[in-house]
Amino acid sequence: MSTAFDPVPASLASVAPVLVAVFILVVGNGLATTLVPLRGVMENFSPAEIGAIGSAYFVGMLGGTWLAPGIVRRAGHIRAFAALAAIAASAVLGFAIIVEPAMWMALRCIIGFCFGGLYAIVEGWVNAKATDRNRGSMLGLYNVMNFGGSATGQQFLNIAPAQSFTLFSVSAMSIVLALVPMALTRAEPPPLPVKARLDILGLARRSPIAVMGVICVGLANGSLWSLVPAVIERTGLGTTVLATFMTILILGSAASPVPLGRLSDRMDRRWMIAVICACAVAVEIALVFVSLNPSVWMLYGLALGMGFFVPVIYPLIAAHANDRNIEGGAMHMSSTLLFLYCLGAIVGPTLASFLMARFGDGALFMHNAVVHFVLGLYVLWRISRKAPPRLDAEVQPLGQPLGEVEPQTTALASS
């Protein structure tokens, strides 16, 4: 890849309202993501039920990502964002009203549908305003806001008991407040999606790593975020340790995207993905052994390492895929990647919870280590078969129809 680099501040003004909205939105969703399995443990839900509730979120998200381009084509980016956020906030309040596994699965499915659309909107917006020379940095900044909001959300676990109505109310309030920066922005939204249907085969032809990668990331990340709160709760170390563990995990997630994204802008992103997968495997194997004899400080240290290496794999793969600039634009690409992510994330929590029931809680981390090991090997295999794309010419922002891009920027080698 070219060593030239476009600074992020030149593109920042066009995405600033979206980044602020993402932070506020994810404060609420991050709180709910930890609160739901925590409350489920307190209500004596089984590991299988908690895993199914986690998978239900991604079932809904699958539908949301599939329909998001059509919704945005009909209503526009900002109105679609407002409608989905309002529905999600209403669903969050339902957890405190009916405490029953089947109902919680339905509510998580609704929330997943809404957030599938919301994430497709905001990630498409960021990608549309980025170029191939600063995309890693821009997606890194987006992920800092994402995980920073989630880390903030974890701290609200300390303001009230998990059995109360208060925490679900705080989560819903935060999701609704995310409407404010989007409703007041004067920034020009990206172009509407060129088409409503996703093109998974087209992405597979252009970037096999993107397809394989996001499915693997879904398997690992879906299991991690759905089940790790229950794993830490069952150590008996207390809710404060759980809240701190999740905060450290998410702060680690917020620390890595910008520096690693900037580095990936200067090199073949595939090597970065392979190295990060190897680091993730090392941390996850260590967690398998620590889970047998939990130590608070060892858990905190490994939470930081896991946060630093695991979640950043998705934005690196997304940047790599968007370098290909497939037909349909940024919104279409984001929806396709999220759809594939959800396929993995639906299976991941259910499979991992089955392994945990059979082999113990450490099986969660071994499951993820195997997934990252396989992904790293696949990326190395693809590197051995294809040279990196050349991006020496000036690259126009993603979102422009493919036929209007300079020929040298579209002649990109498949990954």
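Here are some questions and answers about a predicted model.

Q: How many salt bridges does a search of the whole structure find?
A: Side chains of opposite charge can pair when their charged atoms come close. Going through the whole structure for such pairs, the search comes up with a total of three.

Q: Which residue does Glu 43 meet in a salt bridge?
A: Let's start with the side chain of Glu 43, which counts as partly exposed at 32% relative accessibility. Its salt bridge has an N to O distance of 2.9 Å, and the partner is Arg 39.

Q: Is Arg 39 buried or exposed?
A: Buried means under 20% relative accessible area. Arg 39 has a relative accessible area of 6%, so this residue is buried.

Q: How far apart are the closest N and O atoms of Asp 361 and Arg 234?
A: Asp 361 is partly exposed, at 23% relative accessible area. Arg 234 is partly exposed too, with a value of 37%. The two form a salt bridge, and their closest N and O atoms are apart by 3.2 Å.

Q: How many residues apart are Asp 361 and Arg 234, and where do they lie?
A: Asp 361 forms a salt bridge with Arg 234. This pair links distant parts of the chain: Asp 361 is in the loop between helix H15 (330-359) and helix H16 (363-385), Arg 234 is in the loop between helix H9 (208-233) and helix H10 (239-255), and the separation is 127 residues.

Q: Which residue meets Arg 270 in a salt bridge?
A: Here both partners are buried. The side chain of Arg 270 makes a salt bridge of 2.9 Å, N to O, with that of Asp 268.

Q: Are helices H3 and H4 roughly parallel or antiparallel to each other?
A: Two packed helices are described by the angle between their axes and the distance between the axes. For helix H3 (residues 77-97) and helix H4 (residues 101-129), the axes come within 9 Å and cross at roughly 155 degrees. Angles over 145 degrees count as roughly antiparallel. H3 and H4 are therefore roughly antiparallel.

Q: How many nonpolar residues does the contact of H3 with H4 have?
A: H3 and H4 cross in a left-handed way. Sorted by class, their contact has one charged residue, three polar ones and, for the nonpolar class, 21.

Q: Is the crossing of H12 and H16 left-handed or right-handed?
A: The axes of helix H12 (residues 269-290) and H16 come within 8 Å, crossing at roughly 160 degrees. With that angle, H12 and H16 are roughly antiparallel to each other. As for the handedness of this crossing, it is left-handed.

Q: How many residues of H14 are buried?
A: Helix H14 covers residues 313-322. Its buried residues include Ile 313, Tyr 314, Leu 316 and Asn 322. H14 is largely enclosed by the rest of the structure, because its count of buried residues is ten of the ten.

Q: Which residue's side chain is joined to that of His 320 by a polar contact?
A: His 320 sits in helix H14. At 2% relative accessibility, His 320 counts as buried. Its side chain has a polar contact of 3.4 Å with the side chain of Ser 207.

Q: Where does Asn 44 lie, and what is its phi?
A: Asn 44 is in the loop between helix H1 (9-42) and helix H2 (47-75). Asn 44 is exposed, with a relative accessible area of 68%. Its phi is positive in a residue other than glycine, near 65 degrees.

Q: Which residue's backbone nitrogen lies 2.9 Å from a polar atom of the side chain of Glu 49?
A: Glu 49 is in helix H2, and counts as partly exposed at 32% relative accessibility. The backbone nitrogen lying 2.9 Å from a polar atom of its side chain belongs to Ser 46.

Q: How far apart in space are Glu 49 and Met 105?
A: In sequence, Glu 49 and Met 105 are 56 residues apart. In space, C-alpha to C-alpha, they are apart by 8.8 Å.

Q: How far apart in space are Met 246 and Gly 153?
A: Met 246 is found in helix H10 and counts as buried at 1% relative accessibility. Along the sequence, Met 246 and Gly 153 are 93 residues apart. Their C-alpha to C-alpha distance is 9.8 Å.

Technical notes:
Residues numbered from 1 in each chain as written. Predicted model: local features only at pLDDT ≥ 70, side-chain atom pairs only at ≥ 80, totals over all residues. Heavy atoms only, no water. Salt bridge = Lys/Arg side-chain N within 4 Å of Asp/Glu carboxyl O. Buried < 20%, exposed > 50% of the residue type's maximum accessible area, 1.4 Å probe, protein only. Helix = DSSP H or I, 4+ residues; strand = E, 2+ residues; numbered from the N terminus. Axes fitted to C-alpha atoms, helices over the stretch in contact; angles between N-to-C directions. Parallel < 35°, antiparallel > 145°, perpendicular 65-115°, else oblique. Left-handed = near helix turned anticlockwise from the far one by under 90°. Nonpolar A, V, L, I, M, F, W, Y, C, P; charged D, E, K, R; others polar. Polar contact = N/O pair within 3.5 Å; in protein donor to acceptor, adjacent residues only side chain to side chain.
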